[in-house]
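Good morning, colleagues. Please look at the sequence and the structure now.

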Amino acid sequence: MTEKEKISEDIVALRQRAEDLLKSRSQAITGVIAARSPEDFRKTLHELRIHQIELEMQTEALRATEAELEKSRSRYFDLYEMAPVGYCTLSEQGLILEANLTTATLLGADRSVLVKQPIFRFILNEDQDIYNLHRKKLFRTREPQECELRLVKSDGALFWA
């Protein structure tokens, strides 16, 4: 199901809920209608038309925002997922939150296996201290850190990262 089809279904469902709510309130509204003058009806109709136009404008703005989000998502995919270098996003505790396809290929692991795994699991034991010092400095200073580490592939082979 495409995003547009989902939005269309959501709109139809919202309309149905509104109609159901109107039916449940119709008995209470009947008494109020009897007490209204034609001028009150004209004012109410005018307010409803304005409200409808406002909703149409909001819908148009939401659709424009959705289009911008889709462009952004596509750009993110191109920059992160299809990058020729390995990228992974880590939590402060060192858990892999995201890994691009190149990272998964370099480590010889499926991306779904990488997610929620501690990164230190893939760092050579002798390089663990280097990683920990840079990680601590990163979160202390909030400044970018850079280091070279030897990572271990799933088959045991090493590579520099």
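Arginine 111 has a relative accessibility of 29% and therefore counts as partly exposed, a class lying between buried (under 20% relative accessible area) and exposed (over 50%), computed with a 1.4 Å probe on protein chains only. The model is a predicted one, in which local features need pLDDT of at least 70 and side-chain atom pairs count only at pLDDT 80 or more, while totals for chains, interfaces and linings use all residues. Residues are numbered from 1 along each chain as its sequence is written, and side-chain values use heavy atoms, with hydrogens and water left out.

What does arginine 111 meet in a salt bridge? Its partner is glutamate 81, at 2.2 Å from N to O; a salt bridge here is a side-chain nitrogen of Lys or Arg within 4 Å of a carboxyl oxygen of Asp or Glu. This pair links distant parts of the chain, 30 residues apart: arginine 111 belongs to helix H4 (residues 111–114) and glutamate 81 to helix H2. Helices are DSSP runs of H or I with at least four residues, numbered from the N terminus. Glutamate 81 has a relative accessible area of 11%, so it is buried.

Helix H2 (residues 38–81) also holds lysine 71 and glutamate 68, three residues apart, about one turn of the helix. Their closest N and O atoms are 3.3 Å apart, in a salt bridge. Lysine 71 is exposed because its relative accessibility is 55%, whereas glutamate 68, at 47%, is partly exposed.

The search of the whole structure finds six salt bridges.

Key
Helices (H or I, at least four residues) and strands (E, at least two) are DSSP runs, numbered from the N terminus.
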